Amino acid sequence: MAYDYAKNREERPDPVKADLKGNLPSWLQGTLLRNGPGIFSVGDTTYNHWFDGMALMHSFTFKDGEVIYRSRYLRGDTYKDNMAAKRIVVSEMGTMAYPDPGKNVISRVITFLNHTVPDFTDNCGNNFIRYGKDYYATSETNYIRKVDPVTLETQDKVDYMKYLAVNLVTSHPHYDKDGTAYNIGTSIAEKGKTKYTLFKVPDTTAGDKANASPALKNLEVICTVPCRSLLSPSYYHSFGMTDNYLIFIEQPFKLDILKMATAYMRGVNWASCLKFCPEENTLIHLIDRKTGKEVGIKYYTEAMIVYHHVNAFEEDGHVIFDVIAYEDPSLYNMFYLNVLKEQSKASAMSVPKCKRFALPVQNDKGIDVGDDMVKLQYTTASAVKEKEGKLLCQPEVLCDGVELPRINYDFNGKKYRFVYMTCVAMSAVATKIMKLDTETKERTEWREENCWPSEPVFIPRPNGEGEDDGVVLTTVINSNPGESGFILVLDAKSFKEVARAHVNAELHMDMHGYFIPMEN
Ligand SMILES: CC1=C(/C=C/C(C)=C/C=C/C(C)=C/C=C/C=C(C)/C=C/C=C(C)/C=C/C2=C(C)C[C@@H](O)CC2(C)C)C(C)(C)CCC1
Ligand SMILES: [Fe+2]
């Protein structure tokens, strides 16, 4: 049986108690929020791409041995405008929409000149971010939408641009132990300059800035990185962070600003303005978090496309970081709804690989050209000196066919061992999740017939011992006849089932989740 990606999914706003099998650990208290596209057609119009779908959020609340489920559409301006017009009128990455379908090219030009750029979407169907005390549904535009993490009701629309010149921002920030959030955005041709800005948002739940709302009011710029090509900034989806460094990959997968300027008029989507340049290399920027300065070494590697960073850490004068890397942009192309309909084409995706890079941070004076500067026993990753201050990095492949990586976030930026991921094999539907031991390369898998698990989220046991002391939560779409979907609780050490809670509602394929532990 195939999963129907194009089908509109229903919301279930009234809380329902899930049917529990097994025993939940008593310490597991909190809410797993998940986000993903859920509405794909309105009236006679349909989005071209699965990522474009209007957000459907869902949540699983673990409390006193019970699991409560609910789901709700994000009722942002995009949702309201589309619903009021009974057709898709707001453009997304993969779908260019026009308020008036009858318009010809000339009137499009006029509309274009009037608006310069059409309405930006606030359809935030990718992930959740916490800034200060607030939770936001996010995609990658300048708009984020505050949501009530209990009822999933849609609240204020917040515009990054009020606080910082950025047109695109990732939905994968990092958080330090004080709760400060770190993120990166691109500003396109602002005052003639195209640049990436790394910024941080202090936690406002404590201290004298506690009342600032939104927390973005307290945003501080860490540094800006100029784009290596002014008219084509790189696309990126996440970045890496260690105790002392930020890792930003400037990959040759770029937005062509000139093409974007005419996209609306030409009737093509934003995604068609993305170009992959395999003949170019990938630049790796290593930035000192305290000074905001780049390390004085140019690190580069061959062309690749990375969406998800896994983790990064420092050891013996190196910064080691793990990512999920592709050889081409086929992942994005595979998620066009017409491609997903034909399963055979869907298998044309290049295999995502979990790769480890090692960046020596020490000065390269006295090192011969051609020498590998990586001095770590446990990785075959290399960084060969090409000339003064320039290193060519070759990664070690830790594992093939994996995506949507999660770790024990208490180990973010620190030496770590375990990654939890979905397994990707020749299809847009994951049938397995796995735990990877990056030290021994051992893989432990969970699967069940006709079941499609989501991104696995690790929840640490409070005061737990060891990195994998906790549980892994994954929501499972169950296509076995007569059976319903469930949230699965696995013991993270053994990767064995502890409990499952069936929901009497249809689960949908989603993207990312965020766990909010219950306050004691
Ligand atoms: C470009 C641009 C503009 C427009 C920007 C817009 C609309 C941006 C929207 C960006 C969005 C929605 C980005 C979303 C990115 C999502 C990504 C990279 C998702 C990756 C997903 C993966 C790897 C999924 C994996 C899988 C899933 C989900 C299911 C599993 O079963 C199988 C598996 C693992 C393959 C403006 C602001 C109008 C003007 C300025 C420039
Ligand atoms: Fe993502």
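Predicted model: local features only at pLDDT ≥ 70, side-chain atom pairs only at ≥ 80, totals over all residues.

Colleague: Which residues are the protein donors of the iron ion (ligand 2)?

Modeller: His-172, His-237, His-308 and His-512, each through NE2, at 2.0 to 2.1 Å. The cut-off for a donor is 2.8 Å, so these four count.

Colleague: What makes the arrangement around the iron ion (ligand 2) irregular?

Modeller: The four donor atoms subtend angles of 94 to 154°.

Colleague: How are the donor residues spaced in sequence?

Modeller: As H-x64-H-x70-H-x203-H. His-172 sits in the loop between strands E12 and E13, and His-512 in strand E38, so that pair ties together parts 340 residues apart. Both His-172 and His-512 are buried.

Colleague: Now the rings: why is the pair Tyr-135 and Tyr-514 called edge-to-face?

Modeller: Their centres are 5.7 Å apart, within the 6.5 Å limit, and their planes meet at 75°, over the 60 degrees required, so the pair is edge-to-face. Tyr-135 is in strand E9 and Tyr-514 in strand E38, 379 residues apart.

Colleague: What makes Tyr-175 and Tyr-514 an aromatic pair that is edge-to-face?

Modeller: At 6.3 Å centre to centre they pass the 6.5 Å limit, and 85° between the planes is over 60, so the label holds. Tyr-175 and Tyr-514 are both buried.

Colleague: How do you know that Lys-415 lies over the face of Tyr-378?

Modeller: It is 4.3 Å from the ring centre, and the limit is 6 Å, along with an angle within 35 degrees of the ring normal.

Key
Residues numbered from 1 in each chain as written. Chains lettered and ligands numbered in written order. Heavy atoms only, no water. Donors = N, O, S within 2.8 Å, 3.2 Å for Na, K, Ca; no water. Tetrahedral: all angles 85-135°; square planar, octahedral: opposite > 155°, others 65-115°. Helix = DSSP H or I, 4+ residues; strand = E, 2+ residues; numbered from the N terminus. Buried < 20%, exposed > 50% of the residue type's maximum accessible area, 1.4 Å probe, protein only. Phe/Tyr/Trp six-rings, centres within 6.5 Å; stacked < 30°, edge-to-face > 60°.
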